[in-house]
Amino acid sequence: MRNFPDQPEELIRKIVFSREEVLIENGTAPLIPAARAAAAAVVANPWAGLGPDAGLSEAAAWLAPAIAARLIDRLLSGLGGADAVEAFGKGAIVGTAGEIEHGGALIHTPYFGNLLRESLEGTSIICFADSRGDAGEALVVPMWHKTAAATRTHYQTVDIRIPDAPRPDEIVVVAAASTGPRPHARIGDRTTDAQVSWSTLVGATR
């Protein structure tokens, strides 16, 4: 790990929060209204400029919890607390001087994912998106139900874009959540699906 300030929070350049509510979908208000939100931290990449043999664990354990704390607080305050949250997701965009693995080190370890799951009172694995790009790159973060990942009603996404981030030596880390399902969700549920295979589809070819 390179030399940085004593406090990991000093590597966080900014926090961005975005919240949306769909009021009309296909001409009709959703039966179950829901808000979707994303909280993002723009963070100095502690591994930028280092080779692929550089260890990631020490810096991840030091930095990821500080990022998680900031994003969780913003997400919960913006959506009304953990009881209001029904779906969650996470993501990262790495600047062009970093590796995709650098984003993974911040979102795919217990130092971020476990803390997000615990704070949002979930039990499901957290679905994710990761990418690398220039400043202004948009990220589409997938979400699903926080305790019942097979519940299709809550398969949804939230978009976030920060015009000046990530710079080449930065990472944008995102935590996302929703208070309900997609508008007009009606495609069934994985737990009650019919058993479908190529052999069960009459006239289907592969």
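This is a predicted model: local features need pLDDT of at least 70, side-chain atom pairs count only at pLDDT 80 or more; totals for chains, interfaces and linings use all residues.
Entry 1: I noted about 70 Å³ of space in the largest cavity.

**Entry 2: lining of the largest cavity.** I looked up which residues line the largest cavity and found Glu 20, Glu 21, Val 22, Pro 30, Ile 32, Ala 34, Arg 36, Gln 156, Pro 181, Arg 182 and Pro 183. I sorted this lining by class and recorded six nonpolar, one polar and four charged residues.

**Entry 3: the second largest cavity.** I recorded about 30 Å³ of space here. I listed Ile 93, Glu 137, Ile 160, Arg 161, Ile 162, Ala 165 and Val 172 as the lining of the second largest cavity. I assigned five of these lining residues to the nonpolar class and two to the charged class, with no polar residue.

**Entry 4: the largest nonpolar core.** I then turned to the largest nonpolar core, which has 36 residues. I found that Ile 67, Phe 112 and Leu 120 touch the most other members. I traced the elements that give two or more residues to this core: strands E2 (35-44), E3 (87-94) and E7 (170-178), together with helices H1 (57-79) and H2 (100-107). I noted that H1 gives the most, with eleven residues.

**Entry 5: Ile 67.** I set aside neighbours within four places in sequence and looked up the contacts of Ile 67, which are Ile 12, Ala 41, Val 43, Leu 106, Phe 112 and Val 173.

**Entry 6: the second core.** I also found a separate core of 16 residues, with Ala 40, Val 42, Ile 162 and Ala 176 among them. I had already listed Ile 162 in the lining of the second largest cavity.

Definitions and conventions. Residues are numbered from 1 along each chain as its sequence is written. Side-chain values use heavy atoms; hydrogens and water are left out. A nonpolar core is a set of buried Ala, Val, Leu, Ile, Met, Phe, Trp, Tyr and Cys residues joined through side-chain atoms within 4.5 Å. Buried means under 20% relative accessible area, exposed over 50%, partly exposed in between (1.4 Å probe, protein chains only). Helices (H or I, at least four residues) and strands (E, at least two) are DSSP runs, numbered from the N terminus. Contact means heavy atoms within 4.5 Å. On a 1 Å grid over the protein atoms alone, a cavity is a set of points where a 1.4 Å probe fits but cannot get out, and a pocket is an open set with protein on both sides within 12 Å along at least five of seven lines; lining residues have an atom within 4 Å of a point. Grid points are joined across faces, edges and corners, and a volume is the space filled by probe spheres set on the points. Ala, Val, Leu, Ile, Met, Phe, Trp, Tyr, Cys and Pro count as nonpolar, Asp, Glu, Lys and Arg as charged, and the others, Gly among them, as polar.
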